[in-house]
Amino acid sequence: RRDRAGEAAPAPEAPVPGGPGFYSLHAAAFRPYASTMSWGFFDDELYNPGGTDSDLQAEVSLPNGATVTKLVVFYWDDCGSHDMSVRLERSAASSNDKQPLAEATTSGNEFSYRYAEDSAIEWPVVDLQSYAYRVVVLLPHGCSDSLTLESVRIDYGYGVSLPIAVRGQ
């Protein structure tokens, strides 16, 4: 892969620790809230080419009963004037009530790929009986392809309940 100056990009760093379970979303999974919102792709990276902020969303399919431990956002941010916000949220199945679980914000003006994370999760246990889950990204205007979303990762785990086995006498 080449960087934006046409020179070889640095070797990838070690994976971001997390898990043990992972759910990943590629930038291509996101769609705009409204048809008037601008979005595009630069070398497989999601960005906002328009003159106004754009909200995009992607559905998330986490295992019921899992405990969300971290939201990780992989991005490029060489835009010192604006930052991107990525939020994991749940929506009540029986109403329009939305609740944010985690949010990570980029910080820019560095010519490199980076990541942001949030491990302070509100309502961490996944409840698919009562809620639907999604990731929402706010791409500000004015940065074009100097602020892009690569992917999003949601880390989760399971509590373990094992039956007690008693050896017969």
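The dialogue below takes up the strands and then the rings.

Mentor: Please keep in mind that this is a predicted model.

Trainee: How should I picture the strands of a sheet being joined?

Mentor: Strands of a sheet pair through backbone hydrogen bonds, and the pairing may be parallel or antiparallel. In this structure, an open sheet is built from 5 strands in the order E2-E5-E10-E7-E8, with antiparallel pairing.

Trainee: Which strands stand at the edges of that sheet, and why is one side of each left without a neighbour?

Mentor: The edge strands are E2 (31-32) and E8 (98-105). Each has a single partner strand, so one of its sides has no neighbour in the sheet. For E2, the antiparallel partner is E5 (residues 54-60), joined to E2 by 2 bridges. Within this pairing, Arg31 is opposite Gln57 of E5.

Trainee: How many residues lie between E3 and E4 in their hairpin?

Mentor: There are 2 residues between E3 and E4, and Asp43 in the turn has a positive phi of about 50°. E3 (residues 40-42) and E4 run antiparallel and are joined by 3 bridges. Phe42 faces Glu45 of E4 across this pairing. E4 also pairs with E11 (residues 144-157), again in the antiparallel sense, over 2 bridges. There, Leu46 has Leu149 in E11 as its bridge partner.

Trainee: Which way do the residues of E4 point, and are they buried or exposed?

Mentor: In strand E4 (residues 45-48), Glu45 and Tyr47 point one way, while Leu46 and Asn48 point the other way. All four of these residues are buried.

Trainee: Let us turn to the rings. How many aromatic pairs does the structure hold?

Mentor: It holds 4 aromatic pairs. One of them is formed by Trp39 and Phe41, which are edge-to-face, with 5.7 Å from centre to centre and 90° between the planes.

Trainee: Why is the pair of Trp76 and Tyr113 edge-to-face?

Mentor: Planes over 60 degrees apart count as edge-to-face. The planes of Trp76 and Tyr113 are at 65°, so this pair is edge-to-face, and the ring centres are 4.6 Å apart. The pair links distant parts of the chain, since Trp76 is in strand E6 (residues 67-77) and Tyr113 is in strand E9 (residues 113-118), 37 residues apart. Trp76 is buried, at 2% relative accessible area, whereas Tyr113 is partly exposed at 28%.

Trainee: Which residue lies over the face of Tyr131?

Mentor: Arg90 lies there, at 3.7 Å from the ring centre of Tyr131.

Technical notes: Residues numbered from 1 in each chain as written. Predicted model: local features only at pLDDT ≥ 70, side-chain atom pairs only at ≥ 80, totals over all residues. Heavy atoms only, no water. Phe/Tyr/Trp six-rings, centres within 6.5 Å; stacked < 30°, edge-to-face > 60°. Helix = DSSP H or I, 4+ residues; strand = E, 2+ residues; numbered from the N terminus. Buried < 20%, exposed > 50% of the residue type's maximum accessible area, 1.4 Å probe, protein only. Lys NZ or Arg CZ within 6 Å of the ring centre and 35° of its normal. Pairing = 2+ DSSP bridges.
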